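Hi everyone, thanks for making time. Let me put the model up on the screen and then walk you through a few things.

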Amino acid sequence: LDGTLACEKPDYMEVALATERLCERYRDDESESSDPALVEAACDGDRDTVNANVEDVLLEAFEGQTPDEYAEAVEHFLGSDLHPRFERPYGQLYYQPMLELIDFLRAHEFSVYVVSGSQQGFVRAFGDEVLSLGAERAVGHPVELDWTSTDAGPELLRGDAFRDPSLDGAGKAEVIRQRLGARPLLAFGNSKGDYEMMRYATASEGPS
């Protein structure tokens, strides 16, 4: 996803959203946050501190909210937040040749998946909004969900940790096997975290 299909500079899209949300959620009372200094960094645009603590930012910004609430926040972000350089909504900042490739593959009856180290909820929302892939074809790093019972019925709430394995390096190949049940025939990426996925694809029987 990031840097292959979607714009990843100056920040990953999910990080830009979480930074904005963390500031909005706690700026009126930083003491309610588990890390007031991180809230201050988010509100001040201190990118170095945010990136040094990126998992904490991603988790705390939406901790305790439902997956549906997170998906709504992502959809709003993709449709309305403007990129600081291009001044266009983030949901319009994608690499056109990759979309053309996806359309070509689907037209020839390939099953296309997006597999990303970005969190599951973000990948699913992007996959639905921009790629029309469907939730089952969008694979990301899942956040732990906590079961709770309310007057309205049972609910799952976002927790304070990610589930293993991380979708990076060998973990990405592992999750691909778990979710797809097969090796990919084609794989595309732009980082060292995609290397094992690509090696896994080239070891497929037949052309790959």
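Phe110 counts as partly exposed, because its relative accessibility is 37%; buried means under 20%, exposed over 50%, and partly exposed in between, with a 1.4 Å probe and protein chains only. This is a predicted model, where local features need pLDDT of at least 70, side-chain atom pairs count only at pLDDT 80 or more, and totals for chains, interfaces and linings use all residues. Residues are numbered from 1 along each chain as its sequence is written, and side-chain values use heavy atoms, leaving out hydrogens and water.

So where does Phe110 sit? Its place is the loop between α6 (96-107) and β1 (114-119); helices (H or I, at least four residues) and strands (E, at least two) are DSSP runs, numbered from the N terminus.

Now follow me along to β1. Three bridges join β1 to β2 (residues 138-141), and the two run parallel; strands pair if DSSP finds at least two bridges between them. Val115 stands opposite Val139 in β2. From β1 the chain crosses through helix α7 (residues 120-131) to β2, a right-handed β-α-β crossover, meaning that with the strands pointing away from the viewer, the path from the first strand over the helix to the second runs clockwise.

Zooming out, the protein has nine helices and four strands. Buried residues make up 41% of its 208 residues. The C-alpha atoms fill a box of roughly 60 × 40 × 30 Å along the principal axes.
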